[in-house]
Amino acid sequence: MKRLIIISDTHGNAKAVADLLPRIAENDYVIHLGDGAGDMRETRSLYPDKVYVVGGNCDFLSILPQEGVLEVEQTKVFYCHGHRYGVKDGRERLASEAKRRGCDIALYGHTHIAMIDEIDGVTLINPGSLRYPAGKGGSYCYLVVNKDKATPVIVGDTYF
């Protein structure tokens with residue numbers, strides 16, 4: 001069994017990421033889905049083997065990858081910011097790309113709206129934003145993967 005913390009759209013709120021460090025320490029992976037990738041500097045320094053970060057549309061001049069695939073136990077996870085797949089207009093392209101890559105899960109941000117749903121057999125997870133959420137407070141996702149079964153939970157807190 002592996003546990004992941006999924007965050008996105010911190011937009012300069014490094015304090016929100018620092019507040020999560022105790023939770024990050026006790027989990028197997030942390031993935032930042034862009035727009036505030038620089039907020040992960042301390043976390044990447046502390047946990048270089050378990051931190052994955054992609055660039056988002058607001059991570060200007062970033063040399064970070066735009067997307068990636070992580071195999072967690074028997075589950076393949078596609079992760080990206082989401083802007084290249086037009087997630088504000090629908091998530092079908094994202095689901096199609098994840099499926100093309102043989103992934104069971106697609107993680108994305110960009111919309112600032114926390115959401116878990118499924119399209120064409122792919123579980124789509126948006127952890128929301130730790131900085132500018134649509135609604136009250138910030139949010140992230142706690143994801144447990146046990147072999148080929150994944151259980152995502154959106155966790156909402158206020159980080160302002």
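Q: Before we start, what counts as buried or exposed here?
A: Buried means under 20% relative accessible area, exposed means over 50%, and partly exposed is in between. Keep in mind that this is a predicted model.

Q: Okay, then is L61 buried or exposed?
A: L61 has 86% relative accessibility, so it counts as exposed.

Q: Where does L61 sit?
A: In the loop between strand 3 (51-53) and strand 4 (67-72). Its backbone stands out too: phi of L61 is near 60°, a positive value in a residue other than glycine.

Q: Let's zoom out. How many helices and strands are there?
A: The protein chain has four helices and ten strands. Starting at the N terminus, the order is β-α-α-β-α-β-β-β-α-β-β-β-β-β.

Q: How does the radius of gyration compare with the globule rule?
A: It is 14 Å, close to the 15 Å that the rule gives for 160 residues, so the chain is as compact as a globular protein of that length. Along the principal axes, the C-alpha atoms fill a box of roughly 35 × 35 × 30 Å.

Q: How much of the chain is buried?
A: Buried residues make up 51% of the 160. As for the surface, the chain exposes about 7600 Å², and carbon and sulfur atoms supply 48% of that.

Q: What about contacts between residues at least 24 apart in sequence?
A: They make up 52% of the contacts between residues at least 6 apart.

Q: And the charges, how far apart are their mean positions?
A: The mean positions of the 19 positive and 21 negative charges are 1 Å apart.

Q: Now helix 4. Which of its residues are buried?
A: Helix 4 covers residues 92-100, and its buried residues are L94, A95, E97 and A98. Seen down the helix axis, they fall within an arc of 165°, so they line one face of helix 4.

Q: What's on the other side?
A: E92, R93 and R100 are exposed there.

Q: Which strands do the buried residues of helix 4 pack against?
A: They pack against strand 5 (75-80), strand 6 (105-107), strand 7 (115-119) and strand 8 (122-126).

Q: What follows helix 4?
A: G102 does, with a positive phi near 75°.

Q: Back to the loop between strand 3 and strand 4. Is L64, which lies there, buried or exposed?
A: L64 is buried, at a relative accessible area of 17%.

Q: What does L64 touch?
A: Not counting residues up to four places away in sequence, L64 touches A37, R44, V53, V54 and G55. For a sense of distance, L64 and D49 are 15 residues apart along the chain, and their C-alpha atoms are separated by 16 Å.

Q: One last stop: where is G68?
A: G68 is in strand 4. It is buried, with a relative accessible area of 10%.

Q: Which residues are in contact with G68?
A: Leaving aside neighbours within four places in sequence, G68 is in contact with V54, V77, F78 and Y79.

Q: And how far is G68 from L21?
A: C-alpha to C-alpha, G68 and L21 are 23 Å apart in space, and 47 residues apart in sequence.

Methods
Residues are numbered from 1 along each chain as its sequence is written. This is a predicted model: local features need pLDDT of at least 70, side-chain atom pairs count only at pLDDT 80 or more; totals for chains, interfaces and linings use all residues. Side-chain values use heavy atoms; hydrogens and water are left out. Helices (H or I, at least four residues) and strands (E, at least two) are DSSP runs, numbered from the N terminus. The radius of gyration is taken over C-alpha atoms; the globule rule is 2.2 Å times the number of residues to the power 0.38. Buried means under 20% relative accessible area, exposed over 50%, partly exposed in between (1.4 Å probe, protein chains only). Contact means heavy atoms within 4.5 Å. Accessible areas come from the Shrake-Rupley method with a 1.4 Å probe; for residues, only the protein chains shown count as cover. Lys and Arg count as positive and Asp and Glu as negative; His and the chain ends are not counted. The place of a charge is taken as NZ of Lys, CZ of Arg, CG of Asp or CD of Glu. The arc is that of the directions from the helix axis to the C-beta atoms.
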